[in-house]
Amino acid sequence: MKSLDLNAGLDVLQAFQTQYNSTAFERLNELGLPGKKTEQYRYFDIAAFMQREWTLCQTQRVEVQEGKILEIVDGVVVQAPKGIKVSYSKQRTLNVAHFDPLYYLGHILSDAVIHIEASSDAKVKIVHRFTQSKVLYAYRVMIETAPNISLQIAESFVGCEAKESFVLYGYDLHAARDARVTIIKDETLVEGIYTPVYSHFVELEAQSSANMLSFDYGNADGLQLFGAKLGRESEFNAQHLLYVKGTCKRGTVSKIIHADKNAKSRQRAKNILGDKARGIFDALIKIEPEGGGTKALQNSQAVLLNDGAYMASKPQLEIYIDDVEASHGSTIGELDEQALFYLRSRGITLQEAQKMLILAFANEIIDAIEDEEIRESVHHSFEYVYYGEGHIECIATCHNCSDSIIGAK
Amino acid sequence: MSNMIEIKDLDANIGDKNILKGLNLALEAGKVHVIMGPNGAGKSTLSKAIVGHYDISVNGGEILYKGENIIDEEPEIRALKGIFLSFQNPVEVPGVNNAYFLRTAVNAKRKFEGKEELNAAEFLREAKGLATELGMKPELITRSLNEGFSGGEKKRNETLQMLMLEPDFIILDEIDSGLDIDALRAVSEGINKIKDGKRTFLIITHYSRILDYVEPDFVHVLKDGKIIKTAGPELVAELEEKGYTALGES
């Protein structure tokens, strides 16, 4: 454990300087530690986490056991599945295009990155566990694929014991030519446990593709920030479902860069906000002069369940070339009154009708998960948060299994 | 015979516009009633007022259903008590599974009536059987509610809901609009299927063509927010020949 007073500024970080993180230092010096006036954090109270002294969690590495999942406990790998190579690497690939100072801080504070190499098709579940309270976690994962493979990563997070901890985690994903990567994050946060600020970078080589799906539920603060750099004819889909209550601030800040020709990106956010929660969607798609033939779509929809709920939605396009198809949009409103009435006119209570419409709104993102097991798991997480228990039957989220239901009884 | 519905001096607005102006109407139980009238007369407003639509503000009057004034009841309570409106333009609800929606509605009504709820298999067997009789494509049962349905498919889906929910009082708001001959016949057969001499029907229509398939007992003419004439089915032919204007002048 090492004490770290972030309030004292960048000087306290000198002790962490190595030959491997000099680039991170340079970029962090340029950007500075975030505070109240930092653009990327304007809707999130990052100052509360920066202006204090932390105990940095530095856990001793252990021998990695073979298991069904990749389990990372307090930043250390304890088990890993067959089929992927997991190691620690002091050497790392930084993407200096990232806009987030905490991306660089995370790199500086993590002595070595957890390096995941996929050389053939694989599906990996990563479980992150946090066990210590009132500490600062800082660790990073580097994911590299071989060309022309398919990789699916499903991330979940467990941290009931990590009360008031602050987690600086993130991955650097490098998809080689023709690789297809899907990363699914499912995280429910409860007030009083850890606060995550995850900062990722996705780099896509020519003709590769990545699907990033994030499912953020609960009533506690959290932010994900990511940058993505798209190579020639690559494709990037980012979809975010946010369902939060209480007084929390939660959401996504991103920058997708079309750096070469004929790349496609699609970013869609659906936000359901109850009580006095604040949702954040601050997203930029930048099309460089080299990005001819780009197609880019960006959309955010928010449903406010209460008068006190608030959505900070800022979809943005920055285009430096004519030969593109790009659109962006944002809607914020309440549940569709006509649809509510239609359901009620059939004897369904207002409360139940509202639940059905919210579930339907969420399903549009959840159903984008192709893997059935993961999709059901994410459904369950949503239902658990919404209903307090997972009680929805399969016909609520029907995937044409009705014939087997009839046959089964 | 007693009245299923008795409307007394109903005065209602949509926004600032006064549409129903002291409307009086009694619908005898177990009969098929037709309301005809020119555009803007207040036909759809009347149907919305009966089911408690949020567009309608009632300024005065009573709607007695089985003798009980329902004017202050929530829409779902009116539905649970047996009032059903087949919408002129059924709303599309993306993401809400048609089967899930309908089973929730059916079980809400069964629970209200003190009956045992249907499990998924029982429900799907019954729904698919009725859907087949109505000529609905089976996949429409498991698709999102009305999403991407054609006009005819939406009306068939309304009819399926009606058959499953077994209401006592059924309002059919322009059920025949946008239907081809086959769809009109299928929907009409659905209506005739649950005509049992106890249920009461209120068919709102501009045209007489659905009345070739569903025989009315009474025809009411609604004009300028009031019922101006009530007669037997022979009135339909008179309206077809002379129009509403002549009737209003008589």
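Reply: Happy to! Let's start with an open sheet of six strands in chain B, whose order is β6-β9-β10-β3-β11-β12, with mixed pairing. Please keep in mind that this is a predicted model. At the edges of the sheet are β6 (83-86) and β12 (226-231) of chain B, each of which pairs on one side only. On average, neighbouring strands here are turned by 20° against each other, direction ignored. Strands of a sheet pair through backbone hydrogen bonds, and they do so either parallel or antiparallel.

For one such pair, look at β3 (residues 32-36) and β11 (residues 218-223) of chain B, which run in the parallel sense and share four bridges.

Chain A has seven helices and 22 strands. Its radius of gyration is 21 Å, close to the 22 Å that the globule rule gives for 409 residues, so chain A is as compact as a globular protein of that length. The C-alpha trace of chain A spans about 70 × 50 × 45 Å along its principal axes, and 49% of its 409 residues count as buried.

One helix to visit there is α5 (residues 350-366) of chain A: its 17 residues reach 24 Å from first C-alpha to last, close to the 24 Å expected. Among the buried residues of α5(A) are A:M356, A:L359, A:F361 and A:I365.

How values were computed
Residues are numbered from 1 along each chain as its sequence is written. Chains are lettered from A and ligands numbered from 1 in the order in which they are written. This is a predicted model: local features need pLDDT of at least 70, side-chain atom pairs count only at pLDDT 80 or more; totals for chains, interfaces and linings use all residues. Helices (H or I, at least four residues) and strands (E, at least two) are DSSP runs, numbered from the N terminus. The expected span of a helix is 1.5 Å times one less than its number of residues. A residue is buried if 20 or more other C-beta atoms lie within 10 Å of its own, exposed if 12 or fewer, and partly exposed in between; C-beta atoms are placed from the backbone. The radius of gyration is taken over C-alpha atoms; the globule rule is 2.2 Å times the number of residues to the power 0.38. Two strands pair if DSSP finds at least two bridges between them. Axes are lines fitted to C-alpha atoms, for helices over the stretch in contact, and angles run from 0 to 180 degrees between N-to-C directions.
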